[in-house]
Amino acid sequence: MANERILVIEDEEDILELVRYNLEKEGFSASGFATGEEGLRSALNKVPDLALVDLMLPGIDGLEVCRQLKREPLTAKVPVIIFSAKGDEPDIVSGLEIGADDYITKPFSPRILLARVRAVLRRRASLPVSADTPLRF
Ligand code: CA
């Protein structure tokens, strides 16, 4: 179960560190980026097992990051969990429509984060490798 590579894109340094710390403590390999551009570059360079993406980012926002990940054949199957602040409901809906697998509302507890990450990875692992079936909510 351990050692999956998690890409974290979050411009708030404290949250990025908190997320990375908790992922690494659980045996995940986490790499963090403060902008969507850097995160996307990293994802194409080394495809992660899951991406955690904040909605509000400087430069391209989380929705655009999600859109680009899903559009790029190399990363189209990478599950995406969106971080959102309270009041972002329309953006959450857009994110899920674009293909995000789940979302976490900030502020969140590390335990919730880890539970969501594991749940999404588990769901993904149980799908046939070649399946294009969208996940159901
Ligand atoms: Ca942010």
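**Ground rules**

I am reading a predicted model, where local features need pLDDT of at least 70, side-chain atom pairs count only at pLDDT 80 or more, and totals for chains, interfaces and linings use all residues. Residues are numbered from 1 along each chain as its sequence is written, and side-chain values use heavy atoms, with hydrogens and water left out.

**Entry: the sheet**

I looked up the strand order. An open sheet of 5 strands runs E2-E1-E3-E4-E5, with parallel pairing. Strands here are DSSP runs of E with at least two residues, and helices are runs of H or I with at least four, numbered from the N terminus. Two strands pair if DSSP finds at least two bridges between them. E2 (29-33) and E5 are the edge strands; each has a single partner, so one side of each lacks a neighbour in the sheet. On average, neighbouring strands are turned by 20 degrees against each other, direction ignored.

I then checked one pair. E3 and E4 run parallel and are joined by 4 bridges. Ala51 has Val80 in E4 as its bridge partner. Helix H3 (residues 62-71) packs on the sheet and touches E1, E3 and E4. Its direction makes about 155 degrees with that of E3. Axes are lines fitted to C-alpha atoms, for helices over the stretch in contact, and angles run from 0 to 180 degrees between N-to-C directions.

**Entry: the calcium site**

Which residues coordinate the calcium ion? I found Asp11 (OD), Glu12 (OE), Asp54 (OD) and Met56 (O), at 2.1 to 3.2 Å. Donors are N, O and S atoms within 2.8 Å of the metal (3.2 Å for Na, K and Ca); water is not among the atoms, so sites may look incomplete. Glu12 sits in the loop between E1 and H1 and Asp54 in strand E3, so this pair ties together parts 42 residues apart in sequence.

Are these two buried or exposed? Glu12 is partly exposed at 38% relative accessible area. Asp54 is buried at 3%. Buried means under 20%, exposed over 50%, partly exposed in between (1.4 Å probe, protein chains only).

**Entry: helix H5**

I listed the buried residues of H5: Leu113, Leu114, Val117, Val120 and Leu121. They cover an arc of only 130 degrees around the axis, which puts them on the same side of H5. The arc is that of the directions from the helix axis to the C-beta atoms. The face turned away carries exposed Arg111 and Arg122. The buried residues pack against E1, H1, E3, E4 and E5; contact means heavy atoms within 4.5 Å.
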